[in-house]
Amino acid sequence: MSAEGTYYVPEQSKLPILASLALFLTVFGAGLWLNGSSNGPWVFAFGGLFFSGVLYTWFATAARENLAGMNSAQLKRSYVWGMGWFIFSEVMFFAAFFGALFYVRAFALPWLGGEGDKAVTNELWNGFQATWPLMVTPDQAANGDSAIFKGPGEVIPWNGLPLLNTILLMLSSVTVHFAHHALKHDQRKKFHNWLIATLILGVAFLFFQAEEYWVAYTQLGLTLESGIYGSTFFLLTGFHGLHVTLGTFMLFVQLVRSYRGHFKADDHFGFEASSWYWHFVDVVWVGLFIFVYVLV
Amino acid sequence: MFKKDKKGLYSLVVAAFASCSAMAEEGARWGLNMTEGVSDTSREIYGLHMDIFWWCVGIGVVVFGVMFYSMIAHRRSVRKEASQFHESTTLEIAWTVIPVIILVIMALPATKTLVDIYDTSDSEIDIQITGYQWKWRYDYVGQDVSFFSNLRTSQNEIQGVAQKGEHYLLEVDEPLVVPTGKKIRFIITANDVIHAWWVPALAVKKDAIPGYNNEAWTVIDEPGIYRGQCAELCGRDHGFMPIVVQALDQADYDAWLAEKRQEAETLRELMAQNFSFEELMERGEAVYQRNCAACHGPNGEGGVGKAIAASPIVRGDINAQLDLLVNGVPGTAMQAFGNQLNDLDMAAVLTYTRSAFGNNMGDSMQAVDVYQYKAAQ
Amino acid sequence: MGEHHGPAKGITRWLYTTNHKDIGSMYLWFSFAMFLLGGMFALVIRAELFQPGLQLVDPGFFNQMTTMHGLVMVFGAVMPAFVGLANWLIPMMVGAPDMALPRMNNWSFWILPFAFAMMVATLFMDGGGPNFGWTFYAPLSTTYAPPSVTFFIFAVHIMGASSIMGAINIIATILNMRAPGMTLMKMPLFVWTWLITAYLLIAVMPVLAGVVTMMLFDIHFGTAFFDARGGGDPVLFQHIFWFFGHPEVYIMILPAFGIVSAIIPTFARKPLFGYASMVYATASIAILSFIVWAHHMFTVGIPVAGELFFMYATMLIAVPTGVKVFNWITTMFRGSITFETPMLFSIAFVILFTIGGLSGLMLAIAPADFQYHDTYFVVAHFHYVLVPGAIFSIFAAVYYWLPKWCGHYVDEALGKTHFWLSFIGLNITFFPMHFVGLAGMPRRIPDYALQFADFNQISTIGAFIFGFSQVFFLFVVVKTIRNGKKATAKVWDSAEGLEWTVDSPAPYHTFTTPPKV
Ligand code: HEA
Ligand code: HEA
Ligand code: CUA
Ligand SMILES: [Cu+2]
C-alpha cells in the first residue's frame with residue numbers, strides 16, 4: 001500500500017478505447033434496429049456483449065490493482081467522490097422525468113381542460129376534462145373512437161403490489177445496511193447472510209414489478225401508449241426498475257467477490273459503492289410511490 | 001516592439017467606440033433600428049428598447065472608458081512599476097449596488113408594459129389564427145369568414161429566374177384584414193409543428209403551439225399594410241410563410257366583411273351546382289397554381305413533391321386520388337388538404353390534375369361527390 | 001510504481017494513454033477539428049445568405065447546416081476545448097501528478113470521436129440529418145423529424161456520458177488531488193471556475209439525456225410527452241431543454257472567465273483585484289443559471305407571473321457578471337501593461353463579451369424580447385458571447401500556455417496578425433446582425449426580404465475573413481510546435497502559479513511527488 005502522495009498513475013490501458021467502441025456499436029445497433037434495419041439487433045447484441053466484457057475486465061482490473069495494494073488512500077478517496085457524484089447525476093436524470101410529471105399535472109392538463117391562464121385551449125378539445133389519472137385523453141374527447149391516443153382502461157391502486165414493493169425495498173435498505181455493519185466488523189458469515197437477504201428482496205421486488213406490468217398490459221389496458229398517464233407511469237417506474245436490476249446485479253457481484261476472499265474490514269469500497277447505489281434506488285422508489293401511485 | 005502595440009491599441013479604441021455609437025447612428029441612417037410600429041404597445045416597447053439601449057451605451061462608455069484609459073496611461077512604456085493594490089470592500093459594494101439600482105430602473109416600466117400586454121380582456125373582434133406548414137389560416141370568430149393566406153412570391157423570383165418584386169417574400173395571396181381603432185384579440189394555435197405569428201409593426205409575436213391556444217391583442221392606429229413573418233423554425237419552408245395585415249378604417253372593413261360573407265354565400269350555392277368539365281378545369285388550374293405548384297411544379301413536372309405529369313396515382317382510380325388529396329400522405333410533405341380546400345376547389349383540382357400535363361384521363365368530379373366522400377369517412 | 005517513463009511510441013501512445021497531457025492534447029486537437037467543421041457549415045450558411053434568393057442549397061439542407069453548425073460548435077468545439085485545457089492545466093495548477101481517474105479520463109475523450117462520427121453521418125442518411133435547430137423543439141424533432149433523429153438522440157446520450165465522466169473526474173481531481181498547502185482559496189481562478197462548471201455539467205447533462213430519452217419514446221414507443229392529443233405539451237420539451245440549455249451557456253463561459261482572470265494579472269503585472277469576490281461571483285452566476293431558463297421562452301405564452309419571475313432573475317445575472325468585468329478592469333488600472341498576444345485576446349474578450357452581455361440584458365426585458373426573439377439580434381447576442389467570448393478565451397489560453405506545452409515561444413508577429421484578422425473579421429461578421437435583427441430579419445431562414453441584403457453581404461464577407469484567419473491560426477500553432485525560440489520555465493516574467501515551476505516543455509510526468517505550497 002503506497003503512501004500518500006507517491007501516486008500511482010496506471011500504465012497504458014486498452015480498456016477505454018475498447019469501451020468507447022463497444023458503447024458506440026451498442027447505440028448504433030439500437031439506432032439501426034429502431035429504424036427497422038435487419039442487422040440492427042445483431043449489431044446491438046454484439047455491441048452489448050462486447051461492452052459488458054470490457055466493463056467486466058475493467059472492474060476486475062481495478063479490483064486486482066487494489067488487492068495488489070497499488071491504490072493509495074488518495075485514489076480510494078477519488079473513487080468515493082466519483083461514485084458520489086455519479087449517483088447525483090442519476091438523481092438529476094430522474095428529476096427530468098419527475099419534472100415532466102409535475103408540469104403535466106400542474107399546468108398542461110388544467111389548460112387543456114379549460115382552467116387557468118390558458119383556459120382558451122379547451123376550445124380545441126371540446127368536452128375534455130382534466131383528471132388524474134388521465135383516463136380520457138383530449139384526443140378521445142374530441143375524436144371519440146378514431147382517436148390515436150387512448151387513455152388507460154384502469155390504473156394500478158397504490159395499496160396492492162406497489163405497497164408491498166415499497167415495504168420490500170425499504171427492508172432491503174435496512175438489510176444492506178446490516179450487511180455493511182457486519183463487514184465492517186469482519187463478520188463474513190453475517191455479511192453474506194444479510195447480503196443474500198438483500199438480494200432476495202431485490203429480486204422479489206423485480207418479480208412483483210414484472211407481475212404488475214403484466215397485469216397492466218394484459219388486463220388493465222395500461223400501456224406506454226395510454227396517453228400521458230401511461231407515458232409518465234412507465235418511464236418513471238421502468239427506468240427505476242432498470243436501476244434496481246443494475247443495483248441487484250452490483251450487489252450480487254460483491255457477494256461473489258466476498259466469497260472469492262476480496263474485501264477487508266476497512267477496505268471494501270466495491271461493496272460500499274453498490275450499497276449507496278442501492279439506497280439511492282430505494283429513495284427514488286419512495287418518491288415514485290408517493291407521486292406516481294399515492295397522490296392521484 | 002512597443003510602437004506596434006501603440007498602433008494596435010489605438011485601432012482597438014476606435015473599433016470599440018465605433019461598436020458602441022455605430023448601433024444608434026447606423027440604425028437611424030439605414031432605417032434599421034426596431035420599428036416604432038402603429039400601436040400603443042409597439043411604441044411602449046420601442047421606448048423600452050431605446051431606454052435600455054442608452055443605458056447599455058452609458059455603461060459601455062464608463063466601463064470601456066476606464067479600460068482604455070488604463071491601457072493608454074498605464075502601459076509598460078510609461079509606467080515601469082505597477083501599483084500592487086487590491087481588494088476594496090467599498091468598491092465591491094458600490095459596483096454591486098449601483099447595477100442593482102440601474103436594473104430596478106429598467107425593470108419597472110418593463111413590468112407595466114408586460115402586464116398590459118397580457119390583458120386580453122374585453123376585445124371587440126376575435127380572430128383565430130392557425131399555423132400550417134407553411135401557410136396561415138384566419139377564422140373570424142362568429143363571422144363565418146375564414147381563409148388561408150399563402151406566400152405569393154413566385155418560385156421564379158426565388159430561384160432568381162425572374163426579377164424580385166418590391167415585397168419579395170413578404171407578400172401573400174390574401175392578407176388578414178382588420179379595422180383600425182378596435183381591440184382585436186388573436187387566438188393562436190398550430191395544426192402541425194410550432195410556428196410563431198409575428199408582425200413587428202404591432203409588436204405582436206406569439207408562438208402557435210399545436211394543441212394549445214395562446215392569446216394576444218392589438219389596437220391599430222392608422223390604416224395601412226403591415227408585414228411580418230413566421231418566427232419559429234417550422235421545417236423546410238419556415239422562411240416562406242409571411243404574414244400581411246391590412247388595416248382599414250371601420251367603413252371599409254365593414255364593406256370588406258360583407259363582401260366576404262357574400263362570397264361564402266355564393267360558394268355554398270356553387271357547391272350545390274354541377275359544373276361543366278371546362279369550368280372545373282379552369283377553376284382547378286387556379287387552385288393548383290396556388291396550392292400545389294410550389295411542390296409539384298407549375299407544369300406538374302414535380303420538385304419537392306412527386307411529378308403530376310404521368311403520375312400513376314393521377315392516372316389511376318379517381319377515388320384513390322381523392323382519398324390521397326383529402327387525407328394526405330402521413331410523414332411526407334403531402335398534407336391532408338381535406339380541411340384546407342373547399343369541396344368545390346377539391347373537385348376542381350382533382351379534375352384538373354387528371355387531365356392537365358398530358359394526363360388525358362378526361363374524367364371529373366363535382367363538389368357534392370367530394371362532400372359525400374368526406375361525410376362517409 | 002513511481003518510476004518515470006516517457007510516452008509510449010507510435011499511435012498506441014494516443015489510443016491507450018492514461019496521461020493527462022496526452023489526453024488534453026487530443027481534446028484540443030479534436031475540438032479544433034470540430035471548430036473547422038462547424039465553421040465550414042457556418043460558411044455554407046453565410047454563402048447562401050450572401051444575397052436574397054436561393055442560390056446554393058435547398059432550404060431543407062440549409063436547416064441541416066444551421067442545426068449541425070450549432071451542435072458541432074457547442075458540443076464539439078467549445079466544450080471539448082475547455083475539457084482539454086482542464087486536462088492539461090488543472091493537475092499542474094493544483095500540484096497533482098495526473099487526473100484523479102486517468103483511465104476514465106481517456107474513455108471520456110474517446111467517446112467523442114465516435115459520437116460525432118455518428119452525428120455527422122446523419123447528414124448522409126436518407127431523409128437527411130437533423131434539421132430542427134440545435135434546440136430541437138418538439139414536435140418538429142419528433143413527429144415531423146427525419147429518421148436519422150434516432151442516431152442524433154443516441155449521439156447526444158453518449159456525448160452526455162462523456163461530459164459527465166469528465167466532470168466527475170475534474171471534481172475528484174480538484175477536491176482530492178491538491179498538493180499539501182493548496183487550500184481551496186489558494187487555487188487559481190481557472191481551477192475554481194472549472195470546479196463550478198463541473199457541477200453545472202453533472203447537474204444538467206443528465207437532464208438533457210432525460211429529455212432526448214422522452215423524444216425517443218415519443219418517436220418509437222407511442223408515448224405522448226410532447227403531444228397534446230395524449231395530454232402532453234410541446235412546451236414541456238422546451239422547459240426541460242432550457243433547464244439544461246441555459247446552464248449550458250454558462251458552462252461555455254465560466255472557464256473562459258478563469259482563463260482571462262489568469263492572463264490579465266500577468267500582463268498588467270498586478271495581482272487580480274478581488275480574488276474572493278471573483279469566486280463568489282462565479283458561484284452566484286452558476287446558482288442563478290438554474291432559475292432563468294424560461295427567458296428563452298418568453299413568447300410561448302407562460303403565465304404573466306412566471307414571465308416576470310424569469311425576467312427579474314435573468315436581469316440579476318448582470319450583477320455578478322458585472323463584478324467580474326469590473327474586477328478585470330480595476331486589475332488593469334494602474335498596472336504596467338504590455339500587449340502580448342494572450343493579453344490582446346483577453347482585452348478583446350472583456351470588451352466584446354461585455355457588448356454581448358449587454359445585448360443579453362436587452363433580451364432579458366420580456367416585452368422587448370417579443371420584438372427581438374428569434375431574430376438575428378439574438379444571433380448577434382450569442383455570437384458576441386461565444387466567439388469573442390468562449391473562442392477568444394481559448395485562443396488566449398493557447399497563446400498563453402503553448403510555450404509551457406511545447407517549449408517554444410509563439411512568434412508574436414504571427415500571433416498579433418491572427419488576433420487582428422480575427423478581431424476585425426468577427427466584428428464585420430456579427431455586428432451588422434444587430435441591425436438586421438432589429439430591422440426584423442428572423443433567424444433560421446435561407447432567404448430574406450430585400451431590405452436586409454446589404455448587411456447580410458457585409459456579414460458574409462466578414463465570415464470568410466474570420467474563417468480564413470482560423471486557418472492561419474492552425475499554421476501558427478503547427479509552426480510553433482515544430483520550432484521557435486526556446487521557452488524558459490517561467491515563460492512570462494510575472495506569471496504566477498505552480499505550472500510555471502516546471503520546465504518548458506512540461507515533462508511527461510509532473511509532480512509525481514507533490515510540491516510544497
Ligand atoms: C456563452 C454563452 C452565453 C452567455 C454568457 C450569455 C449571457 C446572457 N444571455 Fe444569452 N444566449 C446564449 C448564450 C449566452 N448568453 C445563446 C447561445 C442564446 C441563444 C440560444 C438559441 O436560441 O439558440 C442566448 C439567448 C439569450 C436569450 C433568449 C433570447 C431569445 O431567444 O429571445 C436571453 C434572454 O434573456 C439571453 C440573456 C442573457 C443574459 C441576460 C446574459 C447575461 O449573463 C449577461 C451578463 C453580462 C453583462 C450584463 C455585461 C457585463 C456587466 C456589466 C458591465 C455590469 C453593468 C451592467 C448592468 C448594470 C446591467 N440570452
Ligand atoms: C461556440 C459556438 C459558435 C461559434 C464559434 C460560431 C461561429 C460562427 N457562427 Fe454560429 N451559431 C451557433 C454557435 C456558434 N457559431 C449557434 C448555437 C447557432 C444557432 C443554431 C440554430 O439556430 O439552431 C449559430 C447560428 C449561426 C447563424 C444563424 C443561422 C440561422 O439562423 O440560420 C449564423 C449565420 O450567419 C452563424 C454564423 C457563424 C459564423 C460565420 C461563425 C464563425 O465564427 C465561424 C468561423 C470558423 C470557420 C469559418 C472555420 C475555419 C475555416 C475553414 C474551415 C477553412 C475554410 C474557410 C476559408 C478558407 C475562408 N451561426
Ligand atoms: Cu412557420 Cu416558421
Ligand atoms: Cu439563457
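## A walk through chains A, B and C

Start with chain A: its secondary structure comes to 8 helices and 0 strands, where helices (H or I, at least four residues) and strands (E, at least two) are DSSP runs, numbered from the N terminus. Read from the N terminus on, the elements go α-α-α-α-α-α-α-α. The C-alpha trace of chain A spans about 75 × 45 × 35 Å along its principal axes.

Before moving on, note that this is a predicted model, where local features need pLDDT of at least 70, side-chain atom pairs count only at pLDDT 80 or more, and totals for chains, interfaces and linings use all residues. Residues are numbered from 1 along each chain as its sequence is written, chains are lettered from A and ligands numbered from 1 in the order in which they are written, and side-chain values use heavy atoms, leaving out hydrogens and water.

**Chain B: a surface patch**

Now select B:Trp55, B:Ile93, B:Val97, B:Ile101 and B:Ile105. Together they form a nonpolar patch on the surface with about 430 Å² of accessible area. Patches like this take residues with over 30% relative accessible area and no salt bridge, with like charges joined within 9 Å and nonpolar side chains (Val, Leu, Ile, Met, Phe, Trp, Tyr) within 5 Å. Accessible areas come from the Shrake-Rupley method with a 1.4 Å probe, and for residues only the protein chains shown count as cover. Helix H3 (residues 89-117) of chain B gives the most to the patch, with 4 residues; B:Ile93 sits in that helix.

**Chain B: strands and loops**

Next, pick B:Arg185 and B:Asp126, a salt bridge whose closest N and O atoms are 2.6 Å apart. B:Arg185 lies in strand E5 (residues 184-190) of chain B and B:Asp126 in strand E1 (residues 125-132) of chain B, so the pair links distant parts of the chain, 59 residues apart. The rule here is a side-chain nitrogen of Lys or Arg within 4 Å of a carboxyl oxygen of Asp or Glu, and it gives 26 salt bridges over all chains.

Hop to B:Gln133 and B:Trp134, joined by a cis peptide bond with omega about -5 degrees. B:Trp134 is in the loop between E1 and strand E2 (135-140) of chain B. Then try B:Ala203, whose phi is positive, near 55 degrees, in the loop between strand E6 (195-199) and strand E7 (204-208) of chain B. Most residues other than glycine have a negative phi, and most peptide bonds are trans.

**Chain B: crossing helices**

Select helices H6 (residues 277-291) and H9 (residues 343-355) of chain B. They pack at an angle of about 95 degrees, with axes 7 Å apart. Axes are lines fitted to C-alpha atoms, for helices over the stretch in contact (heavy atoms within 4.5 Å), and angles run from 0 to 180 degrees between N-to-C directions. That makes H6(B) roughly perpendicular to H9(B); angles of 65 to 115 degrees count as such, under 35 as roughly parallel, over 145 as roughly antiparallel and the rest as oblique.

**Chain C: last stops**

Finish with helices H6 (residues 189-220) and H8 (residues 254-268) of chain C, whose axes come within 8 Å and cross at roughly 175 degrees. H6(C) is therefore roughly antiparallel to H8(C). Among the residues making the contact are C:Phe190 and C:Trp194 of H6(C) and C:Phe257 of H8(C).

Lastly, the peptide bond from C:Ala138 to C:Pro139 is cis, with omega near 0 degrees.
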